Structure formats: structure tokens, C-alpha cells
Amino acid sequence: MTLQIGILVFPSVQQLDLTGPYDVFASIPGAKVHLLWKDRSAITSATGLVLAPTMTFAECPALDVLCVPGGRGINALLQDAEVLGFLRAQAARARYVSSVCNRVSRARCRRPS
């Protein structure tokens, strides 16, 4: 069985917050790691490294693990209905939801009461 792992990639992501978990997750036998964004356009990290999403939100399967890295761009995401909707939907089904150096948590991914 393939372990489906998704890491959000977004403008001004902190590169280490993304690539550190990616390196660990990609070394798990049977894991498939996806870099997720709205489209497949190149994304520039906070330090200028250009990253390529491997899958769009629409293409994304149900994830076992969802990871949201930090970076200067995280604040804009907290007001982005498309991103929040995607995170909420995936978090509702994922076994694990994690974040690196940011305030996005499972509670934020839940629908407001």
C-alpha cells in the first residue's frame, strides 16, 4: 500500500521547512510525496529558490499525511479560501496533519463552527 504524503508549496515558503520534511518523508519505503499547489506554475521560495509543484489541489488523492511548511507567505494563505478549503478537506481525512514553523494547525484546518 502506498503512503500518500502531501506537502504544501506556496510563494515565499521557507525552503528548509519544505525540503527537510520532504527528505525524511521521501525516504519512507512505499511513500509517495507530492508538492501541492493550486497549479503547476513554478513557485519562488522566501530565499529565491524556484520549486515545482508536482500536483495540483484538484489532482490530489486523499492524503495519509499533510504537511504545511512555514515562511513569509503563510500569512496570505490564512486569507485564501481555496487553500483553506483544500487543507480542511484533506485534514478531515488525513491520519496526520503537521506544520513546520507556522501557526497552521489541525484546528485552523477545521471548518468554523
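Which residues form one aromatic cluster? Trp37, Phe57 and Phe86 do. The views below come from a predicted model.

**View 1. The aromatic cluster of Trp37, Phe57 and Phe86.** The count of aromatic pairs comes to 2. Tryptophan 37 and phenylalanine 57 have ring centres 6.0 Å apart and planes at 75°, so this pair is edge-to-face. The two residues sit 20 residues apart, tryptophan 37 in strand E2 and phenylalanine 57 in the loop between E5 and E6. The rings of phenylalanine 57 and phenylalanine 86 have centres 4.1 Å apart and planes at 5°, so they are stacked. This pair also links distant parts of the chain: phenylalanine 86 belongs to helix H3, 29 residues from phenylalanine 57. Tryptophan 37 is buried at 8% relative accessibility. Phenylalanine 57 is buried at 10%, and phenylalanine 86 at 9%.

**View 2. Tryptophan 37 and the nonpolar core.** The largest nonpolar core holds 27 residues. Leu8, Val9 and Trp37 have the most contacts inside this core. E1, H1, E2, E6, H2 and H3 each give two or more residues to it. Beyond four places in sequence, tryptophan 37 touches Leu8, Val9, Phe10 and Pro11, among others. Its contacts also include Ile43, Pro53, Met55, Thr56 and Phe57. Leu77 and Val83 are touched by tryptophan 37 as well.

**View 3. Threonine 56 in strand E5.** Threonine 56 is buried, with a relative accessible area of 13%. That value is under the 20% limit for a buried residue. Leaving aside neighbours within four places in sequence, threonine 56 is in contact with Trp37, Lys38, Asp39 and Arg40.

**View 4. Helix H1 and its buried face.** Helix H1 covers residues 15-26, 12 residues in total. From first C-alpha to last, H1 reaches 16 Å, close to the 16 Å expected at 1.5 Å a residue. Its buried residues are Asp17, Leu18, Pro21 and Phe25. Seen down the axis of H1, these buried residues fall within an arc of 95°, so they line one face of the helix. They pack against four strands: E1 (3-8), E2 (31-37), E4 (50-51) and E6 (65-68). The face of H1 turned away from the buried side carries exposed Leu16 and Asp23.

**View 5. The salt bridge of aspartate 80 and lysine 38.** Side chains of opposite charge can pair when their charged atoms come close. A search of the whole structure finds 2 salt bridges. In the pair of aspartate 80 and lysine 38, the closest N and O atoms are 2.5 Å apart. The partners lie 42 residues apart in the chain. Aspartate 80 is in the loop between helix H2 (74-77) and helix H3 (81-93). Lysine 38 is in the loop between E2 and strand E3 (43-44). Aspartate 80 counts as buried at 17% relative accessibility, whereas lysine 38 is partly exposed at 28%.

**View 6. The salt bridge of arginine 40 and glutamate 59.** Here the closest N and O atoms are 2.8 Å apart. Arginine 40 sits in the loop between E2 and E3. Glutamate 59 sits in the loop between strand E5 (55-56) and E6, 19 residues from arginine 40. Arginine 40 is partly exposed, with a relative accessible area of 47%. Glutamate 59 is partly exposed too, with 41%.

Definitions and conventions: Residues numbered from 1 in each chain as written. Predicted model: local features only at pLDDT ≥ 70, side-chain atom pairs only at ≥ 80, totals over all residues. Heavy atoms only, no water. Expected span 1.5 Å × (residues − 1). Buried < 20%, exposed > 50% of the residue type's maximum accessible area, 1.4 Å probe, protein only. Arc of directions from axis to C-beta. Contact = heavy atoms within 4.5 Å. Salt bridge = Lys/Arg side-chain N within 4 Å of Asp/Glu carboxyl O. Core = buried A, V, L, I, M, F, W, Y, C linked by side-chain atoms within 4.5 Å. Phe/Tyr/Trp six-rings, centres within 6.5 Å; stacked < 30°, edge-to-face > 60°.
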